[in-house]
Amino acid sequence: MSTIDPPSRKATASARQAWRPLQRSTRLAIFGALLATLFYQIFLLNPQYRGPLWLWTAMLLAEGLTAMHAIGTWWTILAHDNRDEPVDVTVRRNRLRAGAEVPGIDVFITAYGEEPELVRTTLRAARDMTLEHRTWVLDDGDSDALRGICDDEGVGYLRRDGGLHAKAGNVNAALARTAGEYVVIFDADHVPEPNFLLQVLPHFEDPDVAFVQSPQAYTNQTNLVSTGTSEAQRIFYELVCPGKNHFNAAFCVGTNVMFRRAALDEIGGIATGSNSEDIWTSLELHRRGWRSIYVPQVLARGLAPVDVSSYFKQQLRWASGGFEVILRGRLFRRANGLTVDQRLQYLFVGTHYLLSLAMLTFMLLPSLYLLFALSPIRADGVTWATHYIPFQVMVLVVTWLQSGGFKGSAIVASIGAAPVHGRALWATLRRRPARWSVTNQAGGGTRSLWAVMPQLALLLLNVTGIVVGLAVMADPAPTWLSVAWATMIVLILGRMIVESVTGSDTGTAGVATAGTADVPAHATAH
């Protein structure tokens, strides 16, 4: 068993405050945003301004969904958990530093076709973590090269037959072949810090804690996709997760997590039969009264998707899992074991992806006016802008104040994925599983126009609307407003299309290394 010297007081304070505390200015901005939201929604509901019933209804549903999710997100942010960790957790960590006995810990690294050298970086870091443990590579890719690396590095290697239930099945197969009291899961491209176990294990002093989750952070911010994804993750883990922790609704994200084996045994292991085994596992544990802990410290760093095709496949699977929670999660049935707060927090997981349906509606509205003179709201541009602009500005201000700004790439990536989320909803309604995809599988960096055909269709529709609207110019004020709106959509979708066609030459060159680089509510705009 290895020990480390106690960290300095400065280092400890830095670790405990990995994210900015909730600012007073953010609380004031949220209050202002609530007022702006109410002001805008009252305007939309005013019959005086109602356009064609079907179009007004579509816009009302889209705006209502946006407002509902925004309010839910703000409520979560306001619940920001700033409490110091319990004294018994600190005491347990100090005892571990002093050489106290360590319970059995199995560290699982799930692999499925990633570059063997990328996995080597992760397994070395996992193997060398402070505190005694056993490290295993769970290889669903049947790689003899990876087996050889594990032998060379002194790490356990487990392979199974069939590949049933993808990652969840891989972990469950390993659970049946190991016996540690605690289980840690890392994706193959997420490199842990040396103190990961030392920071996480003490939280299990509370016998009701089933798992402890730490953030995902990406190191390869080299292009639109990887930078946008990294920014979305940063905002989610910095703003939303501390609030979820307050409600005992922090959920597993599939990597950088430690489980109590007894808790997993109670529910039969990692949940299977879902597109998001991590959130379903969390849901089942919370239903049975187990607690979860979110540790707001970056304790492992990984790789973001590096091309549009991989990003869309990831989003398809995540969105499908979110929709499954809404449609089949039985969130609001009586006696399902969840508190009201937990039910709402799980609901917000799904409504996040439903926002893309609202976004698709907003993408169609300007072209409907420019091509067919159809508008959901019959009001002059000044009246509409007076009600809408304060709402949109305050939504952005809330995120800006707390996160210290955000990057346009996050907005492009979020809006560009809207058609994929729509496809995920349709597949979930038809009970069609999303195909499993490894984010940084060997051979990444795909260039594809086919992947962005829906985005291309929306772009062409809006370009056509701009040309026709400017040629006809029946009513200058709303025409110019619609042209500006359509132009913004064209620029955003065009940027995503260009990224998909030109591809990325970065590949997985930014292999994460422990202790390097800085690190989703996910970015939303309409």
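Buried residues make up 58% of the 526 residues in the chain, and the secondary structure comprises 18 helices and 9 strands.

The mean pLDDT of the chain is 86, with 87% of the residues reaching 70 or more. Where pLDDT is low, the predicted coordinates should not be read in detail.

According to the unreviewed UniProt entry, the annotation "transmembrane region" covers residues 28–46, 53–77, 353–372, 384–402, 449–474 and 480–498. In the model, the chain is 100% helix and 0% strand over residues 353–372, with the end C-alpha atoms 29 Å apart; over residues 480–498 it is likewise 100% helix and 0% strand, and the end C-alpha atoms there are 26 Å apart.

Helix α17, formed by residues 453–472, has 20 residues and reaches 28 Å from its first C-alpha to its last, close to the 28 Å expected at 1.5 Å a residue. Within α17, the residues Gln 455, Leu 458, Leu 459, Asn 462, Gly 465, Ile 466 and Gly 469 are buried. Seen down the axis of α17, these buried residues fall within an arc of 125 degrees, and they therefore line one face of the helix. An α-helix has 3.6 residues a turn, so residues three or four places apart point the same way. The cover over the buried residues of α17 includes α12 (308–328), α13 (340–372), α15 (408–416), α16 (418–429) and α18 (476–502), whereas the face turned away from the buried side carries the exposed residues Val 467, Ala 471 and Val 472. The helix is followed by Met 473, the phi of which is positive, near 45 degrees.

Helix α16, which is among the elements covering α17, contains His 421. With a relative accessible area of 4%, His 421 lies under the 20% cut-off and is therefore classed as buried. When neighbours within four places in sequence are left aside, His 421 is in contact with Gln 315, Ala 319, Phe 323, Tyr 353 and Ser 356.

Methods
Residues numbered from 1 in each chain as written. Predicted model: local features only at pLDDT ≥ 70, side-chain atom pairs only at ≥ 80, totals over all residues. Heavy atoms only, no water. Helix = DSSP H or I, 4+ residues; strand = E, 2+ residues; numbered from the N terminus. Expected span 1.5 Å × (residues − 1). Buried < 20%, exposed > 50% of the residue type's maximum accessible area, 1.4 Å probe, protein only. Arc of directions from axis to C-beta. Contact = heavy atoms within 4.5 Å. UniProt positions renumbered as here; feature names shortened; annotations may be inferred. pLDDT = per-residue confidence, 0-100.
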